[in-house]
Amino acid sequence: MAAQKPAHVPTPAPVRPHPDATRRSQRSRQSIYDAALALVAEVGYPKTTIEGIAARAGVGKQTIYRWWASKGDVLLEAFLDLGERAVQAAGEEAYAIPDTGDVAADLKAVLRATVDELRDPKFEAPYRALAAEGVVNEQLGREFVARLLEPSLQLHADRLRAAQDAGQVRPEIDPRIGLELFVSPLAQRWLQHTGPISHAYTDTLVDYALHGLAPR
């Protein structure tokens, strides 16, 4: 009997990897962040809309509403992401106030960097928008303080506590009140345009805060 030919076994089709939903989601988020920041800089916060952000990002409006409740929420996360990317680009793991042992020099250095950031157009427009909207939108305002301002204020307070331990600041001083002597005037000038902000201005704020106004 003639041998039978083996049955033909079809070659299985190559297995195609499933799309990485996590990466696709992150790309969409980044596109939305970039679109929100760009629109606020170009047309201002009042004219920025969810529809405009979606169109600019190339996503559906419902994609945005699935993740955020309002354009303010989008902008807040976009601004936080912008700050994180700036830290990474600078090769730093996290933002911190240096402790060189000279509290005046350290505070002047960090306030100079703050001035540079506040005068940078890519930071200025969204920061102003969030600060202004936070005044009339209590929920957004609380988020703005908790997620953006409070971590920075805590770093300033920690640096003043270290200065207290080193005998450079009086031990009875409340660091949270003390930091307001140089942080709050800078914020007021910048937000309300009551005067120019510069390195010389913030250096003076630190000197006044640390040494007082009364004759010595």
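Student: By class, how many residues in the lining of the largest pocket are nonpolar?
Tutor: The model is predicted, so local features need pLDDT of at least 70 and side-chain atom pairs count only at pLDDT 80 or more, while totals for chains, interfaces and linings use all residues. Residues are numbered from 1 along each chain as its sequence is written, and side-chain values use heavy atoms, without hydrogens or water. Ala, Val, Leu, Ile, Met, Phe, Trp, Tyr, Cys and Pro count as nonpolar, Asp, Glu, Lys and Arg as charged, and the others, Gly among them, as polar. On that division the lining has eight polar and eight charged residues, and the number that are nonpolar is 32.

Student: What is the volume of space in the largest pocket?
Tutor: A pocket is an open set of points on a 1 Å grid over the protein atoms alone, where a 1.4 Å probe fits, with protein on both sides within 12 Å along at least five of seven lines; lining residues have an atom within 4 Å of a point. Grid points are joined across faces, edges and corners, and a volume is the space filled by probe spheres set on the points. For the largest pocket this comes to about 1,500 Å³.

Student: Which residues lining the largest pocket are the closest to its centre?
Tutor: The lining of the largest pocket holds 48 residues. Of these, the closest to the centre are Glu117, Tyr127, Leu148, Leu149 and Ser152.

Student: Which helix gives the largest share of the lining of the largest pocket?
Tutor: Helices are DSSP runs (H or I, at least four residues), numbered from the N terminus. Those giving two or more residues to this lining are H4 (71-89), H5 (103-118), H6 (121-136), H7 (138-165) and H8 (175-192). The largest share, 11 residues, comes from H7.

Student: Which helix gives the most to the lining of the second largest pocket?
Tutor: The second largest pocket has a volume of about 310 Å³ and is lined by 14 residues, with Val169, Arg170, Ile173, Ala209 and Leu210 nearest its centre. At least two lining residues come from each of H5, H8 and H9 (199-211). The most, four residues, come from H8.

Student: Within what arc do the buried residues of H2 fall?
Tutor: In H2 (residues 50-57), the residues Ile50, Ile53, Ala54 and Ala57 are buried (under 20% relative accessible area, with exposed being over 50% and partly exposed in between; 1.4 Å probe, protein chains only). The arc is that of the directions from the helix axis to the C-beta atoms. Seen down the axis, these residues line one face of H2, because they fall within an arc of 100°.
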